[in-house]
Amino acid sequence: MTNVLMTHSVGAGLLRQAGIRMTLARLAVLNVLHEQKEAMTVEEIFNQLQHHNTPLSLGTVYGTLKHLHDAGVIYAHMEQGRKLLYSMQDEQPVGSMGCVTCGKKQSMDDKRILRAVEQACADQGVKLEMYRLNVSVVCEECAEQPKVRVVGG
């Protein structure tokens, strides 16, 4: 895996702050999330671990993610009511954009959006607990594709 030493020290620090024991599974999962810089499903994390020849079962990855989330080390949030996405606490994107044509996803990191939502909550006298914006778009590549018209039928 790349950045193992950097992530080891980052991961070890995060685990120490949370008061939980450092294990290979926890460091490996934190390493994947740190490298990707965007929210990932448990399956995507597992696949990255397999790609890096990290011998963890899917069950271990699920348990590790639950423990890290419960300890407040990582974020977990639902993507459009379908799957939990996990990300590092300090790398939480404001939201994501997904192309409705090809499915390509991209993180949205414009903090002005988050500030606007926080202000709207403050104006309403409520405390923002969790926020995730999912925007459906047509990406530039798909928008440039010629439209196919079916004539007849």
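## Helix 2: burial and length

Ala25, Arg26, Leu27, Ala28, Val29, Leu30, Asn31, Val32, Leu33, His34 and Glu35 are the buried residues of helix 2. The model is a predicted one. Helix 2 is mostly covered, since the buried set accounts for 11 of its 13 residues.

The helix runs over residues 24-36. After the helix comes Lys37, which has a positive phi, near 60°.

## Packing of helix 2 against helix 3

Helix 3 covers residues 42-51. Its axis lies 10 Å from that of helix 2, and the two helices pack at an angle of about 100°. Angles of 65 to 115 degrees count as roughly perpendicular, and the pair is therefore described in that way.

On the side of helix 2, the contact is made by Ala28, Val29, Val32, Leu33 and Gln36. Helix 3 contributes Ile45, Gln48 and Leu49. By class, the residues of this contact divide into 6 nonpolar and 2 polar, with no charged residue. An α-helix has 3.6 residues a turn, so residues three or four places apart point the same way.

An open sheet is formed by 3 strands in the order 4-3-5, with mixed pairing. Strand 4 (105-108) and strand 5 (133-137) stand at the edges. Each of these has a single partner strand, so one side of each is left without a neighbour in the sheet. On average, neighbouring strands are turned by 25° against each other, direction ignored.

Strands of a sheet pair through backbone hydrogen bonds, either parallel or antiparallel. Strand 3 (residues 95-99) pairs with strand 5 in the parallel sense, over 5 bridges. Within this pairing, Met97 has Val135 of strand 5 as its bridge partner.

## Met78 in strand 1

Strand 1 spans residues 74-79 and includes Met78. The relative accessible area of Met78 is 44%, which means that the residue is partly exposed; the class lies between buried, under 20%, and exposed, over 50%.

Leaving aside neighbours within four places in sequence, Met78 is in contact with Lys83 and Leu84. Thr41 is 37 residues from Met78 along the chain, and the C-alpha atoms of the two are separated by 9.7 Å.

Conventions
Residues numbered from 1 in each chain as written. Predicted model: local features only at pLDDT ≥ 70, side-chain atom pairs only at ≥ 80, totals over all residues. Heavy atoms only, no water. Helix = DSSP H or I, 4+ residues; strand = E, 2+ residues; numbered from the N terminus. Expected span 1.5 Å × (residues − 1). Buried < 20%, exposed > 50% of the residue type's maximum accessible area, 1.4 Å probe, protein only. Axes fitted to C-alpha atoms, helices over the stretch in contact; angles between N-to-C directions. Parallel < 35°, antiparallel > 145°, perpendicular 65-115°, else oblique. Contact = heavy atoms within 4.5 Å. Nonpolar A, V, L, I, M, F, W, Y, C, P; charged D, E, K, R; others polar. Pairing = 2+ DSSP bridges.
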